[in-house]
Amino acid sequence: MRSRVIIGLVVAAFFAFALWLRVYFPFERIFTPAGIKYAGVDAYYHMYVVDNLVHNFPRLTSFLPYMIFPGGEGAGVIHFFDWLLAAIIWIVSLGNPTAQLIDVIGVWYPAVLGALTVIPVYFIGSALAGRRAGIIAAALIAILPGEFLGRSILGSTDHHVAESLFTATAMLFLILALKTARERALTYRHFIGGNWAVIVRPLIFSLLAGVFLSIYLLTFIGALLFVFIIFLYFVIQFLLDHLRRRQTDYLALVSVILFAVTVIMFLPTAPDRLSPISLVIALLVLPALNGISRLMAQRRMKPIFYPLTIAGGGIAGLLLFYLISPSLFGAVLDAFSIFRPTGTSLTTLEMQPLFFPAGNFSFLVAWGNFTVSLFAGVGGLILLLYQVIRRGEADKNLLLVWSLVILAATLGQRRFAYYFAVNIAVLTGYVCAWVIEKMGFEQSRAAVGGAAQARGDVRARRAAQLRRTSSNAASPIVLGFVLLIIFVVVHLPNIAPAIATAKEARFVPSDAWMESLAWLRDDTPEPLGDPNAYYRLETANYPSLSSLMQSVPNITGDPDFYSRFPGSYPYPASAYGVLSWWDYGYWITRIGHRIPNANPSQDPRALRQVAAFFTSQNETLANEIAADLKTKYVVIDSETALGKFWAVALWAGKEQREFFDVYYVLQDNQLRPAQVFYPEYYRSLAVRLYNFDGQAFTPQQTNVISFENRTANDGRPFKLITSLQQFGTFEEAEAFISAQESGNFKIISTDPFVSAVPVEEVQQYRRVFSSSQILTISQATRVPEIKIFEYVK
């Protein structure tokens, strides 16, 4: 009891430190004079849903008209994360929440969930390798920098931190269920005979594993990832146990209880066909594997026939699945795209590969997430693989399969490091505890003798007691020194990066955005006619525009076809859209209470239209897009016109080098990079609006460069500027290039605010607001961070 109290206090201390780290350092970035801000783009989507929930608690609206325009978006049902937050706010406010209280509780919510993850991580480590492993793992998850910490700091109110907490808890109970079921040699006879002394613990742990897996499925739309992990684990464990001639009843019983609970809890709210079908397949297939194993064992068939039978049955099942529903089979294959995103998905930072974040190999992202712990975790993974191959222990194999799949997902998309942080912490604790034990420091009586005691193995308990008596465990000074070394090597390198990550509080809207969106909310017409429409409870299931377009093609050519389609959301004539790059869509919804034309949900049609608007080379094309989207205001910031323009071009189906490129200049016998901008960049509407305020611009001179295509020593091609000529007018420069019979020539400018070509005045976009925050681009250029234009028809 004394040791449990001490352990409890230590874990509580880790929780407190984890919470302090997540709150103290980002505090001033979240609680600001401009208002309470959230760290992250998606946080504003969740708070929009929470706003609606707390005003209609406990009912969830069926439709979100402020999400995107035209069309709106269905609310869906996967909102446990939002519902739990709304319930907490409702209880604390006694049913009368204020906007201030909603935001205060909202920004604290992810920090508390992140700190709570310390608890299941400790118990996972403790269950697999003793309390020392649990302590080391819990201490590490509290301070690991990178994705997990960044998504669990104050204000990072997104469901990802809840995913880590709920999956860690579900896997903890599954590990405990498997461990106790195997130690007690659980079989069907125990259930038939009502042997509760054997049944009760595996049963409770299996039920709890199913409950938390269900909660996870109700939190994240992509939660089938862990259903796949668990199903894959059970298949592998069935194979291992059968090949070792072990009974597999315990696996079937645990899996049936787990997936039965999940099906019962999740099935009524399943958002698609794939999720319930996947769960039902898991529920039926795994007991069938047990039946095949029992049948082969009874007939004394060679164990090798078991994997051959499963492989043949699996291939036949997949073929049958494809023949019955090719579309659903395709959806299954598409689900595996998380391991290797391609195309425009890579313009999203979090979806880039861990070791190739910008297309080139880099270790910085991995180091920023795990530091030295990455090597310790990989060492733990190798050790675990070796031990599973030798002994095939069910609980350790679960950690192995879980870690390998999450590692593959993290290599494909860096964002999944928020999952892998749990695995790294547990694997590090596992390998460190193994090293300590190999040095002669045995675990405590509870850790070493617990399994033997559960089996009633007297000789094993006596052997464990003898090892403790003869080990170095009697030397607490040496053990303390070893633990100090582990802290210095494993934990200490994470503290400084963790503080830096917490201080950064990435993707917090700037004061300029807060000011601009406040103006938009207070000084523009209400799109739905009533400010309270933002909180309105919708009960009808309206189709979103994207789903309507997929199911009903517009063959009439009428631009208002979908808005007038029977069953679509009845937007009033006063409704309009606010056009901005998709990154800012949720900010426009939640802060500005206006409806964006695009948002981070990445509706491909909306994104392509917005990208085409910003990159359009003439105002006529832009006006057609604005009319189609029913745009009234255009919000544009420096990032859209400068830093993110490459992504805008990519979504428009164009390439960055159509607008600007990097050349090299030979100076002092060294190649130095120089960014140059082409005429197409200055003619794009985004640049005409932001860089030139919609006004005409005539350059005082026009630059023409000549260049050669070269190859660097490492094989990479590059462009070397060989000459620069200046002309008085653009026409003279064009005439010069036309007169050249050979060579490479380009009209360029090196300043994004000094056009290489004449720029016409924009006719139908009038600037109505500029933020008071000014950016200094150069000594000669100072511009407002954000500008808002009204589309005047």
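These notebook entries record what I looked up in a predicted model of one protein chain.

**Conventions**

I number residues from 1 along each chain as its sequence is written, and I use heavy atoms for side-chain values, leaving out hydrogens and water.

**Entry 1: the whole chain**

I began with secondary structure and found 33 helices and 15 strands in the chain. Helices (H or I, at least four residues) and strands (E, at least two) are DSSP runs, numbered from the N terminus. I then looked up the radius of gyration, which is 30 Å, close to the 28 Å that the globule rule gives for 793 residues, so the chain is as compact as a globular protein of that length. This radius is taken over C-alpha atoms, and the globule rule is 2.2 Å times the number of residues to the power 0.38. Along the principal axes, the C-alpha atoms fill a box of roughly 95 × 70 × 55 Å.

I noted that 52% of the 793 residues are buried. Buried means under 20% relative accessible area, exposed over 50%, and partly exposed in between (1.4 Å probe, protein chains only). The chain exposes about 35300 Å², of which carbon and sulfur atoms supply 61%. These areas come from the Shrake-Rupley method with a 1.4 Å probe, and for residues only the protein chains shown count as cover.

For contacts (heavy atoms within 4.5 Å), I took pairs of residues at least 6 apart in sequence and found that 74% join residues at least 24 apart. I recorded 62 positive and 54 negative side chains, with the centres of the two sets 19 Å apart. Lys and Arg count as positive and Asp and Glu as negative, without His and the chain ends; the place of a charge is NZ of Lys, CZ of Arg, CG of Asp or CD of Glu.

**Entry 2: nonpolar cores**

I define a nonpolar core as a set of buried Ala, Val, Leu, Ile, Met, Phe, Trp, Tyr and Cys residues joined through side-chain atoms within 4.5 Å. The largest has 239 residues, and Leu178, Phe226, Phe234, Phe613, Phe614 and Tyr765 touch the most other members. Helix H20 (residues 417–438) gives the most to this core, with 15 residues. Apart from this core I found another, of 7 residues, including Val676, Tyr678, Phe707 and Ile748.

I placed His242 in helix H12 (residues 224–243). His242 has 6% relative accessibility, so I count His242 as buried. Beyond its neighbours within four places in sequence, His242 is in contact with Thr248, Ser293, Met296, Ala297, Pro303 and Tyr306.

I placed Asn52 in helix H3 (residues 42–55), where Asn52 is buried at 2% relative accessibility. With neighbours within four places set aside, the contacts of Asn52 are Thr61, Tyr534, Tyr535 and Arg536. From Asn52 to Leu64, 12 residues along the chain, I read a C-alpha separation of 9.2 Å.

**Entry 3: backbone geometry**

Most residues other than glycine have a negative phi, and most peptide bonds are trans. I therefore listed departures from that pattern.

The peptide bond from Phe57 to Pro58 is cis, with omega near 0°, and Pro58 is in the loop between H3 and strand E3 (63–64). The bond from Phe69 to Pro70 is also cis, with omega near 0°; Pro70 is in the loop between E3 and strand E4 (73–74).

Thr371 has a positive phi, near 45°. Thr371 is in the loop between helix H17 (364–370) and helix H18 (373–391) and is buried, at 1% relative accessible area. Phe507 has a positive phi, near 65°, in the loop between helix H23 (476–504) and helix H24 (511–523). Phe507 is partly exposed, at 46% relative accessibility.

**Entry 4: two further loop residues**

I found Thr539 in the loop between H24 and helix H25 (545–551), exposed at 68% relative accessible area. Gly643 is in the loop between helix H29 (638–641) and helix H30 (645–651) and is partly exposed, at 39% relative accessibility.

Terms used. Predicted model: local features only at pLDDT ≥ 70, side-chain atom pairs only at ≥ 80, totals over all residues.
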